[in-house]
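Subject: Handing over the structure

Hi,

Have a look at it first, then read on.

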Amino acid sequence: MNEVGILFERGKLFLPHVMMAAGAMEAGVALLEADLPKDAASKKLGVIVNGTVEGDVHDIGKSIVSTMLQSSGFEVHDIGRDVPLQDFIDKIKETNANMVGMSALMTTTLPGQKEVIEMLKEQGMRDGIKVMVGGAPATQAWAEKIGADCYAENASEAVSKAKELLL
Amino acid sequence: MTTEYALRMGDGKRVFLTKEQIMADLEEGSADAADLGGIPALSGDEIDKLAEILMTPSRMVGVEPGKEVPVTHDIGTIRIDGDQGNSGVGIPSSRLIGSMMHERAFGADTMELGHIDYSFKPVKPVIAQEMQTMEVCQQNMIVPLLYGAMPNMGLYYTPDGPFENPGDLMKAFKIKEAQESMEHAADHLTRDTVWIMQRLMASGADGVNFDTIGAAGDGDMFASLHAIEALRKQFPDIYIEAGMAGELLLGLHGEMEYDGTVLAGLWPHQQAPLAAKAGANVFGPVVNTNTSKTSPWNLGRAVTFVKAAVKDSPIPCHVNMGMGVGGIPMFETPTIDAVSRASKAMVEIAGVDGI
């Protein structure tokens, strides 16, 4: 899957191919499960809630990120697009997530990412969760300004940064 | 003390770089494009010229006399009036006034009429208004006025459209179903685009600008190329600009073909001949800015991609320059120092025919 990820990043393989590879890997792991130590086969790398913030209907980039995270071994809860900010908080509580990913494709909806971080702080949840932001108008400088843990430029970077923060 | 030059990161932040750092980043950016696209990196002379442009002490720069190119402005019709965080300046004005200001005050050589939603699909319910506005604009303007919108195939998926969302299907490992959904959406997008342009051509439009082709992946380009082909057949004199969404055509479907070429994974120099084959008059290459890299890195990379596209394109290339594209920082209102330097580089080194 690491090799598939590199080829995806280089524009040589695409989403359907990544999913086929992930499916093949899951099937392979299922076959080997009996020979693996208990828990090793089904252990997820982390639990991530991912969505596009309220007011923003863009879906495609966020979905690619969700798919890549899922195929890399994370448990991903994609809560869709135009997601009311409170829903991020509720889903984090419900799934006991380690990380939340927030996408915004418009400068007008970008502040939603900041608001969720503020809501996490208000509810005393901020220390227990990593925050990743992305989307066309998001930048590293923006991530630093609002106090996110990381910014990812694309889906491949989202996977590598999630691994850096959660493993 | 070593001289440092005030430049920018891809997110617009100020950085101060020495000549050596600028040269190194230019070379690295160019090498990245060459590696990904399988195209030549810029020569030593070209890197020197790029560095010279970046290090010019003036706040803004321009092309050498005699090298001027045509410029146009997408959705400029609402750029004056717009004030919704979209880099508009919030001066109350109609779309006609916006167009005429660009034509008569700002020096735009062509313009386009665009709708605030700026995708083809939402134009359908307001087609009568768009037709009337096009007619009024044409009666008042001299420069060619196109109609512009984004193909934006994502609008045909649930919850906006009739077809199941391939993103959801893909996550459920329903790959075949996801591909079929994209194929259905592409057919509808082609049909809608042609229908809309038939009416706008009846209202006097000079042509159409496909803005951000491929934003929803290879299906988006598949649909756009077929729409271009159909429009060229129906209107032999229509002026068609095919502008892209990014340097790499994402393969959300992965297997769609046009004229025997798999669309997924095409780079600008491979996209241009297909746009020409379909019937476009002008190809608009786009290279997205990496916000974590410096402007020399981004500009070296963008110029390398666009130069290869210009070389391989049978039709003129009008490069897309602005917020987060063409080596320009991702900034709400891009700064003039970055815009003018990147534009000069695109004209004098990449050899573009227009902006």
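A couple of terms before we start: two strands pair if DSSP finds at least two bridges between them. Helices (H or I, at least four residues) and strands (E, at least two) are DSSP runs, numbered from the N terminus. With that in hand, take β7 and β10 of chain B: three bridges join them, and they run parallel. Within that pair, B:Gly243 stands opposite B:Gly284 of β10(B).

Now the housekeeping. This is a predicted model, in which local features need pLDDT of at least 70 and side-chain atom pairs count only at pLDDT 80 or more, while totals for chains, interfaces and linings use all residues. Residues are numbered from 1 along each chain as its sequence is written, chains are lettered from A and ligands numbered from 1 in the order in which they are written, and side-chain values use heavy atoms, with hydrogens and water left out.

**The sheet in chain B**

Six strands make up an open, parallel sheet in chain B, ordered β3-β4-β5-β6-β7-β10. At its edges are β3 (72-73) and β10 (282-284) of chain B, each pairing on one side only.

On to the next pair: five bridges link β6(B) and β7(B), which run parallel, and B:Gly207 stands opposite B:Tyr239 in β7(B). The chain gets from β6(B) to β7(B) through helix α7 (residues 218-234) of chain B, in a right-handed β-α-β crossover. Right-handed here means that, with the strands pointing away from the viewer, the path from the first strand over the helix to the second runs clockwise.

Is strand β7 of chain B largely enclosed or left open? Five of the six residues of this strand (residues 239-244) are buried, so it is largely enclosed by the rest of the structure. Buried means under 20% relative accessible area, exposed over 50%, and partly exposed in between (1.4 Å probe, protein chains only).

B:Thr158 and B:Pro159 are joined by a cis peptide bond, with omega at about 5 degrees. B:Pro159 lies in the loop between β5 and α5 (166-171) of chain B.

Two residues other than glycine have a positive phi. B:Tyr118, in strand β4 (residues 110-119) of chain B, has phi near 55 degrees and counts as buried at 9% relative accessibility. B:Asp259 has a phi of about 55 degrees and sits in the loop between β8 (257-258) and β9 (261-262) of chain B; at 49% relative accessibility, B:Asp259 counts as partly exposed.

**Over to chain A**

Chain A has an open sheet of five strands, with parallel pairing, in the order β2-β1-β3-β4-β5. Its edges are β2 (75-78) and β5 (150-151) of chain A; each has a single partner strand, so one side of each is left without a neighbour in the sheet. Two bridges join strand β4 (residues 130-134) of chain A to β5(A), and A:Val133 has A:Tyr151 as its bridge partner in β5(A).

A:Asn50 is worth a click. This residue is in strand β1 (residues 47-52) of chain A and is buried, with a relative accessible area of 5%. Not counting residues up to four places away in sequence, A:Asn50 touches several residues, including A:Lys62, A:His77, A:Asp78 and A:Met102.

What about A:Lys161: buried or exposed? At 18% relative accessibility, A:Lys161 counts as buried. It is found in helix α7 (residues 155-166) of chain A.

Cheers

Notes. Contact means heavy atoms within 4.5 Å.
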